[in-house]
Amino acid sequence: QPGEWHIIAKKFIAWASKKLIENTEALTWLRTERGVTQETAAKFQLGWSDHNIYRPKEEWGIEPNGKKMFIPSGLVIPWQEKRIRVRRDDPGEYSKYHIVQGSTSDPMTIGNHYETTAIIVESELDAILLAQEIKRPVFIVALGSCSIKPDEILLNKLSECPVILIVLDSDGPGAKASKWWIENVSGTYRTLTPTAYGKDITEAFLNDLDLNEWLIASMELCCEDILKDHPFFAEDNFNQQVN
């Protein structure tokens, strides 16, 4: 990524964050439909673009090709000025999410990779909700798409986590992607949200699933062999960490 990209991205993220604070309707949608509070939105620099934006590509340090840089209106989901994804407010015939040109394709990560538990989800908004709700330290990875595979850098980070919970949607693509993780990354377990609550983290949370209780139950159900063999998960130490 060129240096200009980071500079303009930082300015755009700040502008969009201010626009979100001023947009009561968008803040209400975030809280009621995604479970994300205004405080969490501010922490992760979520923003709002209230109109389609067209700018010269050279402003962002991108080689011009006769077309302008395009950013649609909608919810702005940045990651450390490395990537800007926009959830379109009116996708129409286009895909729901738009990645701003010049963004990295690396998955979003939240927390320290040396934690004892990693949680892999598809959506950045699911990851942000988990970071908001989970009380014990975890390493959260949002792939952006269930088809995304980890690169060597992420694999090395995950190798330090004794437990990796794969929480992808309970559908065909989610099952296929989860199978790849289980077969190729050690310490990986597929962990679903209870069917009665919903198909993903956000839907389950909005249907009153306690995500902390879900995490503890998932550890107990999926990771029994690690729980008894890994020193961190000795009963007394584990109970202190999760309570």
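Mentor: Before we start, one cut-off: a residue counts as exposed when its relative accessible area is over 50%. Keep in mind that this is a predicted model.

Trainee: Got it. So is Asp208 buried or exposed?

Mentor: Asp208 sits in the loop between α7 (201-206) and α8 (211-222). Its phi is positive, about 75°, although it is not a glycine. With a relative accessible area of 68%, over the 50% cut-off, Asp208 is exposed.

Trainee: Then there's Gln45. Which class of accessibility does Gln45 get?

Mentor: Gln45 has a phi near 60°, again a positive value in a residue other than glycine. You'll find Gln45 in the loop between α3 (38-43) and β1 (47-49). Its relative accessibility is 36%, and since that falls between the 20% and 50% cut-offs, Gln45 is partly exposed.

Trainee: Let's do rings. Why does the pair of Tyr54 and Phe70 count as tilted?

Mentor: The whole structure holds 5 aromatic pairs. For Tyr54 and Phe70, the ring centres are 5.1 Å apart and the planes meet at 35°. Stacked needs under 30 degrees and edge-to-face needs over 60, so with 35° the pair is tilted.

Trainee: And how many residues apart in sequence are the parts that this pair ties together?

Mentor: Tyr54 belongs to strand β2 (residues 53-55), while Phe70 belongs to strand β3 (residues 69-71). Phe70 is partly exposed, at 23% relative accessible area.

Trainee: Which residue has its charged end over the ring of Trp180?

Mentor: Look for a charged end 5.4 Å from the centre of the Trp180 ring. The cut-off for that distance is 6 Å. The residue sitting there is Lys149.

Trainee: On to the strands. Is Thr109 buried or exposed?

Mentor: Thr109 is found in strand β7 (residues 108-110). Leaving out residues up to four places away in sequence, Thr109 touches Trp79, Phe139, Ile140, Val141 and Leu154. Its relative accessible area is 18%, and because the cut-off is under 20%, Thr109 is buried.

Trainee: Some of those contacts are in β9. Which residue in β9 stands opposite Met108?

Mentor: β7 and β9 run antiparallel, with 3 bridges joining them. In strand β9 (residues 139-142), Phe139 and Val141 point one way, Ile140 and Ala142 point the other way, and all are buried. The β9 residue opposite Met108 is Ala142.

Trainee: What handedness does the unit of β8, α4 and β9 have?

Mentor: Strand β8 (residues 117-121) pairs with β9 in the parallel sense, over 4 bridges. Within that pairing, Ile119 stands opposite Ile140. Together with helix α4 (residues 124-133), the two strands make a β-α-β unit that is right-handed.

Trainee: And how many of the 10 residues of α4 are buried?

Mentor: At the start of the helix, a side-chain oxygen of Ser123 comes to within 3.0 Å of the backbone nitrogen of Leu125. The buried residues of α4 are Glu124, Leu125, Asp126, Ala127, Ile128, Leu129 and Leu130. That leaves the helix mostly covered, and the number buried is 7.

Key: Residues are numbered from 1 along each chain as its sequence is written. This is a predicted model: local features need pLDDT of at least 70, side-chain atom pairs count only at pLDDT 80 or more; totals for chains, interfaces and linings use all residues. Side-chain values use heavy atoms; hydrogens and water are left out. Rings of Phe, Tyr and Trp (its six-membered ring) pair if their centres lie within 6.5 Å; planes under 30 degrees apart count as stacked, over 60 as edge-to-face and the rest as tilted. Buried means under 20% relative accessible area, exposed over 50%, partly exposed in between (1.4 Å probe, protein chains only). A charge sits over a ring if NZ of Lys or CZ of Arg is within 6 Å of the ring centre and within 35 degrees of the ring normal. Contact means heavy atoms within 4.5 Å. Two strands pair if DSSP finds at least two bridges between them. A crossover is right-handed if, with the strands pointing away from the viewer, the path from the first strand over the helix to the second runs clockwise. A polar contact is a pair of N or O atoms within 3.5 Å; within protein, one must be able to donate a hydrogen and the other to accept it, and residues adjacent in sequence count only if both atoms are side-chain atoms.
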